[in-house]
Amino acid sequence: MTSKNKINEDLANERRKCNFNIEEVTYILDGGKEKTLQRKKIEDVALNGGASVDDIPEEYLSARERYENAIRKSCIYTNIVKNEVLEITGIENYGSPVLRRTGDAFFKDISPFMLHLGMFVPSIIGQCTAEQQATWLPRALDMKIIGAYAQTELGHGTFIRGLETTATYDPETEEFVLHSPTITSYKWWAGGLGRTANHCTVVAQLYTQGKCHGTHLFIVQIRDLETHMPLPGVKVGEIGPRMGFNTADNGFLGFNNYRIPRMNMMMKNAQVLKDGTYVKAARHGKLTYGTMVFVRVTLVGEASFNLAKAVTIAVRYSAVRRQSELRPGSIEPQILDYPTQQHKLFICIATAHAFQLTASWLWNTFTAVQAEMKKGNVDTLPELHALSSCLKALSTSDATAYIEQCRFACGGHGYMLSSNLPFLYAFVVATRTYEGDYTVLLLQTARFLVKAWEQAESGKVVTPTVAYLNRHFTTNGKMIWDNSPEGIIRVFQSVAAGKISLCVRSIRNRITSGMDHEDAWLMTTVQLVNAAEAHCRSVILHTYWNEIVRLTKHSSDNVKTVLNQLVMLYLTYWALERTGDLLRYSTISENDIDLLQRQYEELLVKIRPNAVGLVDAFDIRDEILQSTLGSYDGRVYERLMEEVQKNPLNKEPVDPSFHKYLKPLMKSKI
Ligand SMILES: CCCCC/C=C\C/C=C\C/C=C\CC/C=C/C(=O)SCCNC(=O)CCNC(=O)[C@H](O)C(C)(C)COP(=O)(O)OP(=O)(O)OC[C@H]1O[C@@H](n2cnc3c(N)ncnc32)[C@H](O)[C@@H]1OP(=O)(O)O
Ligand SMILES: Cc1cc2nc3c(=O)[nH]c(=O)nc-3n(C[C@H](O)[C@H](O)[C@H](O)COP(=O)(O)OP(=O)(O)OC[C@H]3O[C@@H](n4cnc5c(N)ncnc54)[C@H](O)[C@@H]3O)c2cc1C
């Protein structure tokens, strides 16, 4: 074995200690053995040519070079996908999470094509008629046209109804005239729009026959396909440096009475006829928001995957890193042996599991709702919107906090870009804002919860995710504390019910004392966000536990044990985090809290020997991790030194600035 492929001895020891079958856990996380094998096959095809094709790491490049390099790699990857991977997966899997995951081997930051695949293509699939899909989809999937999703404007992101771009129908020419009437109406932020896209989905206020019908979606060509020049009437460019997303060429876009054919309005849910007659969406007023719901659903899996990457890096590093001494003269322990380090990291492993299983469950819910909607039934859409909103908000917010915790857990080296942790953080922190800000989305869930509360109060049976509200009206007093998983989940549901109940009371009291409904709601929004968070927490705890029970039914004993330890850690961790709520809404005592704390500390000890095995079970290839600290072989210090060799600043022993500036300064007299 050469030193290049030698496994660090501490890491090798950890793997010898691991007492469960790692592959079995990988299969569970991937959704079955077949899916794991398929993923591995795709990764082999996509990555064995050597994915990270950067001679100089992208962080050393200028903005121009970085963008060009990102385009170069996007094209290499797209060709691999088109020519080799789709033969295995089928074209329908173009946007699958596996391809998204494999793509991370090519980019530390983000591909300028991400929004094409992540939102432009889904908006064609979700918002176009079959005829329109036949026109646009094959060209988009074949990258003959490259698109972006231009919804947000300088003046409005959250409040979609406030968007100012107009699309006015002209029956004479059977065209829409797109216009940006103000500076604040300029599109701002759309990924891939600044330099890459030649088409985009534009969200604009639709006017026809002198009437505004609210926001609708349009497919708009913005650049010439041969020259890539912006078309006359289109003003487009890049918005400038930002925190992360620096290879995504986020752009701005304005229109000056720019004409597009009538058939470029995405007409699955509402139409404008040739004569200008508006045909309203028959089924539900918010179906044009469908692409956002789809992306929110996928973002829960994104949160899980990125957290899995961060904790893989931090746990492997913590097994290799030794620091301090417990007793004078004793060997320095691996930092993973510190309970405080375990406290930082094991919750991240459990959370990645919780989010992965919740993401799969949410995806199944999403596809079931889609199937119902195809039959014309939109009754389950409000629950999906409430669920996808709060799960997107919480998963991205928790993942952000825990990725940062993983970085802290790596001490100074966690700040090195080559650890990949700063990139992961910058990528994930944006997910808390885009596709619906954290607070705004929780308030959407709160609307649903208050309505569900009112239904339960009037004796109606409510939908499964809020069924605990029916129980709330049949039990008296605080929920009896019970330290079993089911008991903890019940208490969390009582906390949610209690908080929603307080919100309803506050709103009613405020209305009674003279406020109108809008002000009463506004004044209660701090509590409403809190209640929606509590509801979502209970959904995650419930789903995680249920899924582990279901998925480990036929597992080997040791796998069952370690996955149970993790889910218990998760439940106990959150019970301890929320002792205030538990004291308020359940009969938990001081003594019960002491027992919970002891249980938590014992779980850390039990999980410790399997920690490296657990992160190995995420099965994230080194090319995808792209981390000096987290590679499978644990050659942390060697990789940090190897990376230093790539630093252009080290190319010459003396920097030209010495002669230009430093030396004159040193020679100058005071
Ligand atoms: C290789 C493969 C690639 C895969 C890639 C994998 C993963 C990532 C993929 C892509 C992501 C990558 C990068 C993404 C970059 C970012 C993109 C963006 O950010 S795009 C812009 C996103 N913008 C937003 O999310 C805006 C947020 N705002 C809103 O959603 C709405 O304005 C808001 C806040 C919901 C309010 O809307 P409004 O029309 O004012 O509604 P009301 O509040 O008045 O509510 C009225 C009723 O409508 C219900 N409602 C609202 N939204 C929905 C919905 N979506 N569905 C169903 N129902 C909805 C609402 O609950 C009210 O109902 P009730 O009256 O209470 O019954
Ligand atoms: C990296 C990145 C990529 C993006 N990519 C795209 C893209 O491809 N396409 C696209 O169209 N957009 C994109 N966006 C825009 C993104 O969707 C919006 O920034 C996001 O939806 C938040 O909207 P906003 O910027 O208007 O925030 P604001 O709504 O102005 O939020 C500012 C503050 O006000 C609060 N607030 C706002 N409204 C309310 C309310 N009703 N109640 C209580 N509090 C409120 C928020 O909680 C927040 O604290 C991207 C953004 C980022 C950061």
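Okay, let's start with helix H3: its buried residues pack against helix H2 (22-30), helix H4 (63-89) and helix H5 (97-103). Packing here means contact, with C-beta atoms, placed from the backbone, within 7 Å. Helices are DSSP runs of H or I, at least four residues, and strands are runs of E, at least two, numbered from the N terminus.

Quick housekeeping: this is a predicted model, where local features need pLDDT of at least 70 and side-chain atom pairs count only at pLDDT 80 or more, while totals for chains, interfaces and linings use all residues. Residues are numbered from 1 along each chain as its sequence is written, with chains lettered from A and ligands numbered from 1 in the order in which they are written.

Back to H3. Which residues are buried there? Arg39, Ile42, Glu43 and Ala46; buried is 20 or more other C-beta atoms within 10 Å of a residue's own, exposed is 12 or fewer, and partly exposed is in between, with C-beta atoms placed from the backbone. Looking down the H3 axis, those buried residues sit within an arc of 100 degrees, so they line one face of the helix. The arc uses directions from the helix axis to the C-beta atoms. Over on the other side, Glu34, Leu37 and Asp44 are exposed.

Now ligand 2. Of the 22 residues around ligand 2, Gln151, Thr152, Gly157, Thr158 and Thr439 come nearest, counting a residue if its C-beta atom, placed from the backbone, lies within 6 Å. Elements giving two or more residues to that shell are strand E1 (147-150), strand E4 (187-190) and helix H12 (438-457). H12 gives the largest share, three residues.

Methods:
Contact = placed C-beta atoms within 7 Å.
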